[in-house]
Amino acid sequence: MAGASLSSLHLKSAAIRIRTSSTIVNVASATETQTSSQVQLPRKTRNSRVLVLGGTGRVGGSTAIALSNLCPDLQIIVAGRNREKGAEMLTTLGGNSEFCDVDINNEKSLEAALEDADLVVHAAGPFQQAEKCTVLEAALKTKTAYVDVCDDTAYAFRAKSFHDRAVAANVPAITTGGIYPGVSNVMAAELVRVARSENKGKPERLRFFYYTAGTGGAGPTILATSFLLLGEEVVAFNKGEKIKLRPYSGMLKIDFGKGIGKKDVYLLNLPEVRSTHEVLGVPTVSARFGTAPFFWNWAMEAMTILPAELLRDRSKVQQMVQMFDPVVRAVDEIAGERVSMRVDLDCSGGRNTVSVFSHKRLSVWNCNICICSGSS
């Protein structure tokens, strides 16, 4: 459901098209095999030690596998609290990996693990309702490079408040490096850049639309993320004014293109709305999400009538996840894990540009991207 990691994805296959009226022109197309997608790192970083927090979960595990496939020389440290799952992951990763028992809520445990790492990938969500940026603070203290797959507005902007400390410590730190937000922000930035460079209208409205079948194969953490988001008011921007809306309201039917088709999407409070409004300077911004089968959307909408305090309580949400998870997993087997993102940019003068990302499997590190533009 809502929220997913991009660290488990690599842009392996891309196709860009420009559409004017009814004519479609292929501008660029590239397809590589997975073996040719390996990255040759500089000698001094080739054998870096990468600590993946949450590495025994679906998001962190996919991240570890993707990093191992992309850069086989990296030393992957799978961090978690389940040794049995850790052993299974090491079997998948092979000899250049090890398991580390880490409790991210225990400062000493966390810092000890970070002291032995060159980079930490924080995939131990959910990030919603987390009171502190514990991992980021520990990374700055131990001078360990940091990246997370955060998909929560409050956490993301709390992390950004550490900018000056990161600069002073000379520690690279990246937040919201997932698929959405993450790749979705890059898609939006490119649409805005092209619109401004071509001088064919001023960017006025940016809309993010996301679709994932079931949980996208991403497991219970994504289920918890979805429930926690239902307890948050949606922040959007309308002509420069910040507005607050009810979560999972404002349904729209959006066409995600071939393989996905038209899907219902609903308002959610996602960090890319504020960040793209502030950084890209687009006055009207919103984000919507939808899932399948259709009755999951009905269930999500119905859950918004529960007290917000309940939906913001991480421990109570975890109890709900344990109750619903077996049913969700069973449905996932039927629904699959297709994922699609669509970003729409409307400019003055009637110019509309659309960027679409789609793939049949969220947990596989490749994608297809199509960028189209035209006048509506």
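Pro181 sits in the loop between strand S8 (173–174) and helix H7 (183–197), where helices (H or I, at least four residues) and strands (E, at least two) are DSSP runs numbered from the N terminus. The peptide bond from Tyr180 to Pro181 is cis, with omega near 0°. The model is a predicted one, in which local features need pLDDT of at least 70 and side-chain atom pairs count only at pLDDT 80 or more, while totals for chains, interfaces and linings use all residues. Residues are numbered from 1 along each chain as its sequence is written, and side-chain values use heavy atoms, with hydrogens and water left out.

Another cis peptide bond joins Ala292 and Pro293, with omega about 0°. Pro293 is located in the loop between strand S14 (284–292) and H10. In the loop between strand S6 (119–122) and H4 lies Gln129. Gln129 has a phi near 65°, a positive value in a residue other than glycine.

Helix packing was examined next. Two packed helices are described by the angle between their axes and the distance between the axes. Axes are lines fitted to C-alpha atoms, for helices over the stretch in contact, and angles run from 0 to 180 degrees between N-to-C directions. For helix H10 (residues 294–303) and H12, the axes come within 13 Å and cross at roughly 165°. H10 and H12 are therefore roughly antiparallel to each other (angles under 35 degrees count as roughly parallel, over 145 as roughly antiparallel, 65 to 115 as roughly perpendicular and the rest as oblique). Their crossing is left-handed; a crossing is left-handed if the near helix is turned anticlockwise from the far one by less than a right angle, and right-handed if clockwise. Phe295, Trp296 and Met303 of H10 meet Met320, Val327, Val328 and Val331 of H12 in this contact (heavy atoms within 4.5 Å). By class, the contact of H10 with H12 has seven nonpolar, no polar and no charged residues. In this classification Ala, Val, Leu, Ile, Met, Phe, Trp, Tyr, Cys and Pro count as nonpolar, Asp, Glu, Lys and Arg as charged, and the others, Gly among them, as polar.

The axes of helix H3 (residues 107–115) and helix H4 (residues 134–142) come within 9 Å and cross at roughly 50°. That angle makes H3 oblique to H4, and the crossing of the pair is right-handed. H3 contributes Glu107, Leu110, Glu111, Leu114 and Glu115 to the contact, and H4 contributes Thr134, Val135, Ala138, Ala139, Lys141 and Thr142. The contact of H3 with H4 has five nonpolar, two polar and four charged residues.

H1 and H2 pack at an angle of about 20°, and their axes are 10 Å apart. H1 is thus roughly parallel to H2, and H1 passes H2 in a right-handed crossing. On the H1 side the contact is made by Gly61, Ala64, Ile65 and Ser68, and on the H2 side by Met89, Thr92 and Leu93.

The largest pocket holds about 1,200 Å³ of space. On a 1 Å grid over the protein atoms alone, a cavity is a set of points where a 1.4 Å probe fits but cannot get out, and a pocket is an open set with protein on both sides within 12 Å along at least five of seven lines; lining residues have an atom within 4 Å of a point. Of the 41 residues that line the largest pocket, Arg81, Ala124, Gly125, Pro126 and Thr221 are the closest to its centre. H12 gives the most to the lining, with six residues. The lining comprises 16 nonpolar, 15 polar and ten charged residues.

Terms used: Grid points are joined across faces, edges and corners, and a volume is the space filled by probe spheres set on the points.
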